Amino acid sequence: MQLTGMQNTLGKSQSMSDRTATVSRLEEVVSTSEEFDRIVSQALPMLLDRATGYTKRFLRETGQWNDDIEHEKFALRWGAEYLERFLVCGRSEVPCRPLFLFDSLVAKQHSKPEPFCYHPDLLRPLGRFVDGLVARAVVSRDALIAIYHHSYGWGPGEVIAVTGLNGLESQRIYKNFRRWRDTGWQRTMDEMGMTKAELAELGNQQQRHRQRFNSEAEQLIRVAQAHYRKSEPDHYPCLSRSQWGEMFTQGYGCDYRIWHLALCLDCMQTAWGLGSSGSAVGEKPRLELQVRP
Amino acid sequence: MGQEEDLELYRSRLLESLNGRSSRSLRNASDPIQVYINERRVGELEGRGIGATLQVQCVDHIDTVQLRTEEGILLGGLAAPEQGFRTDRLRLSVDTIELCVHNTAQGGTLSALFSPAPSFWGRVWKGIVDVTDRLTARRPDTAIAYGGAYGMRTVAFTQALLAIAVVGLVADRATIWMTPEPTPSPVVQTASLPASPPAETARLEQQLDEVARMQAKIGEALASQQNGIVQLHQAVAKLSSTQESVASSVVMVKEEVKEEVKEELEKRLEAVGRETDRTTRHVANKGRIEQEQLEAAIHSLTADNDRLSKEVAGLEENNQSLKAKLQTAVANVPKSADPSPERLLKMADSMQGNQQPFLFWVTFSEGTSQESIDQWVNGMKGHKGALNEGWQEVRIIPPPVPPDRFLEQIRGEKIIKAARINQ
């Protein structure tokens, strides 16, 4: 027992010493991108904890923190997000002191208005699923196209018909669907910290209380869409039916249609039926959240 | 405890994901690359094996540029300074993307250039070019002397020449292969060469000569093509520097124009201000003079008005006294022994002082008796004056109507033949 205790003490002491050494290396000037990559890749755990700590502090100071695993996961997720951006963009800032650069990057993010989409309901499993999906759609076209499936249960053909796409774009939609099913969905779930048990529970809720499940999901998806739609280009606002009609008829604004209709439930209702070239259309779509891809 | 494990598992997964981002296969070469500025999607770069560019101009400063796959994986990016340029060259497996951000006070500009890795034939061609480059390295001055258009023509000509050479060689081989004799083995062929007819040997020699000439021409063409490429490179470099200088000149000119426009505007504003001041002063002076004149006129009018008021008051006073005198005279009339008109006129004269009798001349109709005439004069409360050439002078108290109208009235009477005022 005494030996184990000593080993633990030695281990902790070693860990502290390593950590100090890592910090002092990060505080020194790096001159090349390769050196930056090498030093930063050795310090990822420390940097992740640092970014997570900053995020926790920001949440506490803005009255959004609660001591539970949901908030811990939220802080971890954003810490990882900041770290990824630092890994990519920081190497263009050499020569620099990586630690100070990292701190300034996180501070810059936290100085923005609404740096992330925070809502207590979005921290629960259903909210985390919806938040993860919409947040991913902002940076991934695969996830963007998958929103049509997860929101309305549509396949590629229906997405193409609803958005009124041409042949070349249609091929791309099929690829987006395939990649999302193969890897995209799982990666997103992992990054959101969704466990298998949570996903299974969501599936059960969907089966047993479909109406309530969809109603809750609609409320949450509206919150998430309102936040993440800010990442759309400025010139993609909501349109009237006649404006959508003109766009569909004249065949311009493919990106506009794909992006905005995926991220706006109301505009989907407004533009419903315009992409089907006059063929018979059914009832306006209602949110039917799909958990699986 | 379960929650702590869950959290630790999540943390490990995130770290694995961050660690593995450089090692995993990041991108399918045929997929477009999504471009984000300040975490907002602005467009995409086609990645289908051809060069592609994307130019984006923003109103705001560009803080960050990110490149992502369609799956959302972050491929690369850069953080830009608040002012000035930042360029970066990102290697995506074999392809490269050059990013250039320029931030100014007016906003930011991003220029992204996607350069795919050269294909096999591209690399072969590059090898040939390198070889010819070495061959022609001894004549750099000559290469500089030619223009870009000549280089392009040389490339086309060389390609055509090469194609002709290849076709010729293939045709030659095909002719040999299609001969009816069975193809001899190399050993047999070597042995049979001396036995071939002289004409065939001559033809082969001629063909060899032609091939040698073609080779020489190809060498020359390659050399000139290399020259052309060098010229092209130089032209592109020159164009780039010219473009940069033009861009900087445009910026400078813009600044100068701004300054000039500003100065001109200031001058004009100053001149307009001066003119306005002058006009305002002139108008103010004129107004003041007119005001003074008006005040003087009002003053004189007020004085006249006062004087007139005094005169009117005096006249009224005089009138009152006259009225009183008249009443006294009327009261004294019954006491008078001689109520003749002459006396009345005298009384009126004495009462009114300066009041003169109205004098006129009349002629009477023929046959009018003296009695009728006297009666008419008495009716007029007048008296007769002198008689001159048939005209009788008559004096009366001034009539209440104007003289002309009075004469008209009396002319209408039967006994009056004519009437006039002057003799």
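The buried residues of H3(A) pack against helix H4 (69-89) and helix H5 (98-110) of chain A. Here, buried means that 20 or more other C-beta atoms lie within 10 Å of a residue's own, exposed means 12 or fewer, and partly exposed is in between, with C-beta atoms placed from the backbone. The residues in question are A:Leu47, A:Arg50, A:Ala51, A:Thr52, A:Tyr54, A:Thr55 and A:Phe58. An α-helix has 3.6 residues a turn, so residues three or four places apart point the same way. H3(A) itself covers residues 44-61, and its 18 residues reach 26 Å from first C-alpha to last, close to the 26 Å expected at 1.5 Å a residue; the expected span is 1.5 Å times one less than the number of residues. After H3(A) comes A:Gly63, with a positive phi near 70 degrees.

Before going on, a word on what you're looking at. This is a predicted model, in which local features need pLDDT of at least 70 and side-chain atom pairs count only at pLDDT 80 or more, while totals for chains, interfaces and linings use all residues. Residues are numbered from 1 along each chain as its sequence is written, and chains are lettered from A and ligands numbered from 1 in the order in which they are written.

Now for the rest of chain A. It has 14 helices and 0 strands, where helices (H or I, at least four residues) and strands (E, at least two) are DSSP runs numbered from the N terminus. Of its 293 residues, 37% count as buried. Two residues are in contact if their C-beta atoms, placed from the backbone, lie within 7 Å; among chain A contacts between residues at least 6 apart in sequence, 73% join residues at least 24 apart.

Most residues other than glycine have a negative phi, and most peptide bonds are trans. In the loop between H4 and H5 of chain A sits A:Pro95, and the peptide bond from A:Val94 to A:Pro95 is cis, with omega near 0 degrees. A:Glu114, in the loop between H5 and helix H6 (125-139) of chain A, has a positive phi near 50 degrees. A:Glu114 counts as exposed because it has 8 C-beta neighbours inside 10 Å.

Further along, helix H8 (residues 156-163) and helix H9 (residues 167-191) of chain A pack at about 140 degrees, with their axes 9 Å apart. That angle makes H8(A) oblique to H9(A). At their contact, A:Pro156, A:Val159 and A:Ile160 in H8(A) meet A:Ser170, A:Ile173, A:Tyr174 and A:Phe177 in H9(A).

Chain B is built from 9 helices and 12 strands, and 13% of its 423 residues count as buried. B:Glu39 lies in the loop between strand E1 (33-37) and E2 of chain B, and its phi is positive, near 60 degrees. With 15 C-beta neighbours inside 10 Å, B:Glu39 counts as partly exposed.

Finally, the two chains meet: 29 residues of chain B are in contact with 31 residues of chain A. On the chain B side, the elements giving two or more residues are helix H1 (2-20), strand E2 (40-45), strand E4 (64-68), strand E5 (74-79) and strand E6 (84-92). H1(B) gives the most, with 11 residues.

Technical notes:
Axes are lines fitted to C-alpha atoms, for helices over the stretch in contact, and angles run from 0 to 180 degrees between N-to-C directions. Angles under 35 degrees count as roughly parallel, over 145 as roughly antiparallel, 65 to 115 as roughly perpendicular and the rest as oblique.
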